[in-house]
Amino acid sequence: MDTRYIGKPIKRLEDPRLLTGQALFTDDVHLDGLLHAAFLRSDYAHARIKSIDVSEALKRPGVIAVYTAEDFGDYWHVGPLQVPPPIAIPNAKFHAKGLPPIARGKVRFSGEPLAVVVAESRYIAEDAAGDILVDVEPLDAVVDLEKAFEDTSVLIHEDIGTNMAALVKQEKGSYAEAAAKADFIIKRKFHIDRGSAGAMENRALIASWENRTQSMTIWTNNQAPIPLRNTIASNLGLSDSQVHVITAFTGGGFGPKIMTSQADDVLLPWISKKLNRPVKWIEDRRENFLATTSERDQVHYCELALTRDGKILGFSDVFYHNTGAYDPYGMTVPLNTMTHTMGSYIVPNFYTEVRMVFTNKMVVSPVRGAGRMYGNYVMERMLDAAARELKLDVVEIRRKNLIQPEMLPLHTGITGQDFVENVIDSGNYPETLRKALEMIGYEKFVKEDQPKLRAQGKKVGIGIVTFVEGTGVGPYEGAKVTIEGSGKINVATGISSQGQGHYTSFAQIVAEQLGVEPKDVRITTGDTDQFDWGAGTFASRGMTVAGTAIYLASVNVRKKILKTASKALNAPEEELEISGGEVRVADIPTKSIKLGDLANRANPTRGVIEPGVEPGLEATAYYGPPYGATGQGSVAIILEVDPETFEVKIQRFVLVHDAGNIMNPMIVEGQIMGGVQMGLGNAFYEEIAYDEYGQLQNASLMDYLIPSATEMPPKIELGHVVSPSPLNPLGLKGVGEAGAIPIPSCFHQAIENALENKIEITASPMNPSRLFELTHK
Amino acid sequence: MKIEGEHTFNGPRNEVWEMIRDPEILASALPGTQKLNKLSDTDYEGTMNVRVGPVSGSFSGKLVVSDEVPPQSCTLTVDGKGAPGFVRGVGHIKFEEQETNTTYMTYEGEVTIGGTLASVGQRMIDSVAKSMIRQGFESMDKALEARLANKSGQQVEYKPPTETEFAASVAKDVAKSWYQIAEVRMVMYVIPAAILLALIGYILSQLLHR
């Protein structure tokens with residue numbers, strides 16, 4: 001397809017503003033009479049609240065108000081759930097426990113808000129929070145995942161009589177039959193922990209109620225501005241049209257900013273309305289670690305049934321998922337694990353069971369990867385375990401089980417986070433593996449380089465894995481494209497942007513259709529007054545779903561242009577061409593009309609228009625896929641392990657990726673690299689460490705290790721395979737989370753290889769101390 | 001977090017026991033303690049200023065003495081909370097009379113630390129706790145000395161350390177432990193060396209340009 005803009009590495013239009021400090025972030029917003037909020041948060045992980053005495057705090061000068069749960073009266077409510085329960089899956093058991101905005105009666109995680117202080121400045125508010133006296137009766141903390149599932153001696157939610165949050169089982173075929181026929185059954189237990197999103201910009205919200213216009217304006221960096229607006233309007237008994245959510249530039253989302261039921265989302269609008277003054281809150285880094293959602297641990301008991309020569313007959317995975325103290329985000333994360341375990345491989349019989357457990361820890365919501373990583377980790381590690389026990393080659397055991405292109409589309413038989421069966425739409429799995437092996441020079445490394453380096457005493461290893469990524473899920477997104485009288489193009493869509501380059505990639509789609517340059521297209525995302533139908537930015541769906549809606553709207557605008565221009569220029573539509581911001585008759589360049597003039601013609605302020613014709617050159621379109629599009633790829637890493645310190649240095653990093661048709665290769669590379677950094681963090685550096693009392697031990701960047709430039713591979717070599725998705729006209733698939741998903745499994749395989757399989761890694765993250773312990777067991 | 005240790009006091013056991021049960025002495029042994037009120041024979045309450053690295057603030061708390069077998073052993077239960085977090089602990093203390101007119105004390109216990117203290121001060125808690133215990137004992141040694149001397153007629157004044165002296169001492173202890181880390185020492189040497197080299201280089205370049 002010969003295109004001007006689609007598929008081209010156009011430089012990002014928003015970058016000059018972002019790099020010179022000309023972009024508005026939520027914290028930049030200053031309003032007259034702005035008040036500042038600070039939260040008093042529980043130190044105890046599990047306790048009954050006896051009393052909260054705010055009298056001292058109120059005496060402090062500059063303090064306007066202090067609120068506890070009782071002060072909100074009937075307004076205090078729990079939830080609602082942001083993701084519905086998995087009723088689509090038969091026999092699913094689920095206990096809905098939405099997130100309370102502020103603790104009442106009982107505290108269930110360290111960091112849960114106990115009181116809100118509103119003052120003239122943030123400093124005063126925080127000092128006043130320190131004046132508040134809280135009397136609690138501490139209870140034992142529930143922290144052990146497996147124990148909590150059965151043990152009812154300490155209950156987090158007494159009314160349900162159990163700490164089990166959910167129990168969901170899915171099966172394709174029959175694992176029991178497969179196991180009976182198998183030559184070998186490999187069994188392993190894995191403990192996989194993830195961590196915080198650690199976005200550079202923390203959560204922030206400004207609520208500004210204006211009594212004279214009876215309207216509420218919200219500035220925030222939320223990933224779901226439309227659901228947020230609807231929730232706030234509903235909470236306060238207002239019309240949706242009275243609430244305007246504006247998403248400023250956002251310094252990274254990665255998942256946690258999708259929450260719309262946290263303390264700030266629910267309480268600040270109420271407070272602003274009560275005081276008739278704007279109120280602002282922005283998180284500090286410690287609060288971000290302590291009280292913003294993240295991903296937690298899962299414990300997997302896996303079984304792999306194979307034939308003698310390594311063909312997979314069946315896979316069984318019974319796993320525990322730690323959802324934290326409440327489950328407002330439903331089962332998105334464990335469902336993603338379920339749909340990503342079979343990965344790129346043919347698994348004729350698959351049994352998966354999740355035991356979701358409440359613990360006295362911060363609530364779980366997706367973090368880049370959103371549960372997919374656990375599925376990838378267990379399958380790839382099980383294949384490595386099988387290769388180890390059956391003395392098979394790690395590449396061969398993967399190659400012979402790969403799903404072949406002619407088998408697609410493939411109905412997997414497992415229901416996913418969008419509550420429909422996961423279907424793999426397109427792909428060429430053998431090709432991504434072949435390409436990755438070629439790019440890293442697998443044969444040469446294993447046969448020549450590695451033996452030489454090993455002879456010198458160097459512990460170098462190579463790892464190779466494949467991965468799948470479910471993207472572009474429903475329900476839908478929409479967009480409105482308008483050509484204005486000035487000739488400028490205005491595009492609005494409901495999702496919000498957190499740095500993915502939407503302002504450029506979306507403009508490319510429109511520019512291609514309407515014959516203008518991307519810089520002439522103004523994209524607005526996340527402003528509910530400009531467009532207010534949509535679900536939000538998550539699950540790598542921005543480009544695929546909103547992008548497709550933008551495409552469909554642009555196609556309709558193009559049709560209107562040709563129809564209107566045909567009349568204006570008195571020429572048949574087939575003879576018209578659109579480029580350079582104007583429409584002209586192909587052979588007669590003088591017969592032309594600028595797009596802006598055409599738009600004005602189509603929107604007269606006097607006279608009559610044809611009945612049934614819409615004014616102007618504008619179209620709104622919606623797109624919702626029947627199921628998500630599946631991206632895929634292969635990763636190869638060569639690394640070196642220091643035999644004394646067990647520090648690991650990556651020498652080469654290859655990632656071959658298939659995300660269908662690529663809109664902007666430069667932006668895609670950036671997305672993959674960002675994902676790789678987070679994947680590396682999960683493999684070797686990042687861990688949210690709670691002690692046995694539910695106390696968070698590393699709530700600062702001093703102790704929570706986010707990989708920096710020195711930990712990254714010297715170069716990320718990217719390869720591309722293109723299998724367009726048949727699910728949308730542009731053949732797009734999502735790519736945002738691809739980089740993060742396969743890293744821990746590949747990294748750990750490479751470490752085992754470097755240490756000549758003298759250890760076996762069954763837990764993530766690893767770090768030098770743990771490697772040392774494993775080697776010296 | 002488990003804490004355990006031992007200390008030898010220069011005095012007979014019953015004197016040591018009486019001293020331990022004197023709230024004035026206890027309060028002074030932990031400087032930063034603003035007050036320690038005796039609610040009953042076994043219950044005390046008070047406030048204390050604490051600093052662990054970047055985290056500081058005042059704690060209010062209760063101390064309960066139980067399972068007393070004077071002058072042999074007892075259990076201390078502490079429950080303190082404040083803006084920086086909370087500290088809860090249970091400790092068992094044993095005293096053994098030695099022939100040399102000294103008392104051998106052992107203690108072991110479990111302490112839970114929560115809040116900002118735990119999540120930001122974690123890496124310093126160990127060294128600060130050790131330092132506080134060490135200084136507490138030093139202070140109590142001096143108090144015991146004064147007490148025994150006064151009993152025998154001599155006038156010896158016991159001056160507990162001030163809060164600033166205490167904080168400075170803790171900081172010194174923590175810095176000393178940091179200094180034992182090779183990388184820290186290297187940085188301490190490398191930086192002045194680099195500055196010196198740069199200075200020499202600058203001077204030389206100036207001379208050469210003349």
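How many of the seven residues of β1(A) are buried?

## A strand in the interior

In this predicted model, seven of the seven residues of β1(A) are buried, so the strand is largely enclosed by the rest of the structure. Both of its faces are covered, with A:Leu35, A:Ala37, A:Phe39 and A:Arg41 buried on one side and A:His36, A:Ala38 and A:Leu40 buried on the other.

On either side of a strand there may be partners to consider. Strands of a sheet pair through backbone hydrogen bonds, either parallel or antiparallel. β1(A) runs antiparallel to β6(A), to which six bridges join it, and A:Ala38 stands opposite A:Val117 in β6(A). With β13(A), β1(A) pairs in the parallel sense over two bridges, and here A:Leu35 stands opposite A:Val279.

## The whole sheet

These strands belong to an open sheet of seven strands with mixed pairing, in the order β3-β6-β1-β13-β10-β11-β12 of chain A. Because β3 (63-68) and β12 (243-247) of chain A stand at the edges, each with a single partner strand, one side of each is left without a neighbour in the sheet. On average, neighbouring strands of this sheet are turned by 20 degrees against each other, direction ignored.

## Helices against the sheet

Helix α3 (residues 122-131) of chain A packs on the sheet, where it touches β1, β3 and β6 of chain A, and its direction makes about 25 degrees with that of β1(A). Helix α7 (residues 263-275) of chain A lies across β1, β3, β6, β10, β11 and β13 of chain A, running at about 25 degrees to β10(A).

How values were computed
Residues are numbered from 1 along each chain as its sequence is written. Chains are lettered from A and ligands numbered from 1 in the order in which they are written. This is a predicted model: local features need pLDDT of at least 70, side-chain atom pairs count only at pLDDT 80 or more; totals for chains, interfaces and linings use all residues. Two strands pair if DSSP finds at least two bridges between them. Helices (H or I, at least four residues) and strands (E, at least two) are DSSP runs, numbered from the N terminus. Axes are lines fitted to C-alpha atoms, for helices over the stretch in contact, and angles run from 0 to 180 degrees between N-to-C directions. Two residues are in contact if their C-beta atoms, placed from the backbone, lie within 7 Å. A residue is buried if 20 or more other C-beta atoms lie within 10 Å of its own, exposed if 12 or fewer, and partly exposed in between; C-beta atoms are placed from the backbone.
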